[in-house]
Amino acid sequence: MQTVDSKELLRELFEEYTEWYFSVAEEDGVLPRSISGISADGKQFIYLIDGLTLPPLVRNKYLRFILDDNHSVVYAYGGLALRGDSDLGEIEEVLDVVAADVEYYIMGHWKVIRGENGKVSGLKAMGISEGNDLEKHSSTWFLAGAIRFTDTEKLKYGGIWEEAKAEVLFHDRNSAG
């Protein structure tokens, strides 16, 4: 059962992650795909995953491996998605940000506005939703349900994660500063 504290942490993480994306968009004009997990003792990681070359289903299982390896109780995931109907030529780029735990999610969507140089020049709010129907929404289910890893997968994902750690930001949310 979700506690008030875990729901508060989830909201806090969603707000922080959303603010971070707005900041990166404003400062760098880009919106990287990323994931962040927080353990019960406040250890957090932030991992930019644009460089991952894994197929989507393998990537998703790898991300679950990382969340499990770091004992994450909540996570945030963000990245660009394409929405619309390509047959009608009505495709738009959307920034999706999700924060979730095993029972609940908060999800926000912003239309991406690009300048002449192709860089992100703005984000227009499209809506925020939340709920407990994790299985119905992509990126909300990373901590939900049991996933088994074979010994081969553990070695593979563990090796990829070890190599990636040099580029991952680790932070103790309980430490001052």
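Predicted model: local features only at pLDDT ≥ 70, side-chain atom pairs only at ≥ 80, totals over all residues.

Reader: OK. How do S1 and S2 pair?

Author: Strand S1, residues 34–39, pairs with strand S2, residues 43–48, in the antiparallel sense over five bridges. The two strands form a hairpin with three residues between them. In that turn, Gly42 has a positive phi of about 85°.

Reader: Which residue is the bridge partner of Gly37 in S2?

Author: Phe45 is the partner of Gly37. Ser36 stands opposite Ile46 in S2.

Reader: And which strand do four bridges join to S2?

Author: That is S7, residues 169–172, and S2 and S7 run antiparallel. Ile46 stands opposite Leu169 there.

Reader: How many residues of S1 are buried?

Author: Six of its six residues are buried. Ser34, Ser36 and Ile38 point one way from S1, while Ile35, Gly37 and Ser39 point the other way.

Reader: New topic. Which residues touch the most other members in the largest nonpolar core?

Author: They are Ile35, Phe45, Tyr47, Tyr62, Leu63, Tyr75 and Trp161, out of 24 residues in that core. The elements that give two or more residues to this core are S2, helix H2 (56–69), strands S3 (72–85), S4 (90–100) and S5 (105–114), and helix H3 (151–164).

Reader: Which one gives the most?

Author: H2 does, with five residues. Apart from this core lies another, of 19 residues, among them Leu31, Val97, Trp110 and Leu123.

Reader: Phe45 again. What does Phe45 touch?

Author: Leaving out residues up to four places away in sequence, Phe45 touches Ile35, Ser36, Gly37, Ile66, Leu67, Asn70, Ser72, Trp161, Val168, Leu169 and Phe170.

Reader: At what angle do H2 and H3 pack?

Author: They pack at an angle of about 75°, and their axes are 10 Å apart. Angles of 65 to 115 degrees count as roughly perpendicular, so H2 is roughly perpendicular to H3.

Reader: Which residues in H2 meet H3?

Author: From H2 they are Val58, Lys61, Tyr62, Phe65, Ile66 and Asp69. Among the residues they meet in H3 are Glu153, Tyr157, Trp161 and Ala164. By class, the contact has eight nonpolar, one polar and five charged residues.

Reader: Now the loop between H2 and S3. Is Asn70 buried or exposed?

Author: Asn70 lies in that loop. Its relative accessibility is 18%, and buried means under 20%, so Asn70 counts as buried. Not counting residues up to four places away in sequence, Asn70 touches Ser39, Phe45, Trp161 and Phe170.

Reader: And His71, buried or exposed?

Author: His71 lies in the loop between H2 and S3 too. Because its relative accessibility is 61%, His71 counts as exposed. His71 also has a positive phi of about 55°, although it is not a glycine.

Reader: Where is Ser72, then?

Author: Ser72 is in strand S3. With a relative accessible area of 11%, Ser72 is buried. Setting aside residues up to four places away in sequence, Ser72 touches Gly37, Ile38, Ser39, Phe45, Leu67 and Leu143.

Notes
Residues numbered from 1 in each chain as written. Heavy atoms only, no water. Pairing = 2+ DSSP bridges. Core = buried A, V, L, I, M, F, W, Y, C linked by side-chain atoms within 4.5 Å. Buried < 20%, exposed > 50% of the residue type's maximum accessible area, 1.4 Å probe, protein only. Contact = heavy atoms within 4.5 Å. Axes fitted to C-alpha atoms, helices over the stretch in contact; angles between N-to-C directions. Parallel < 35°, antiparallel > 145°, perpendicular 65-115°, else oblique. Nonpolar A, V, L, I, M, F, W, Y, C, P; charged D, E, K, R; others polar.
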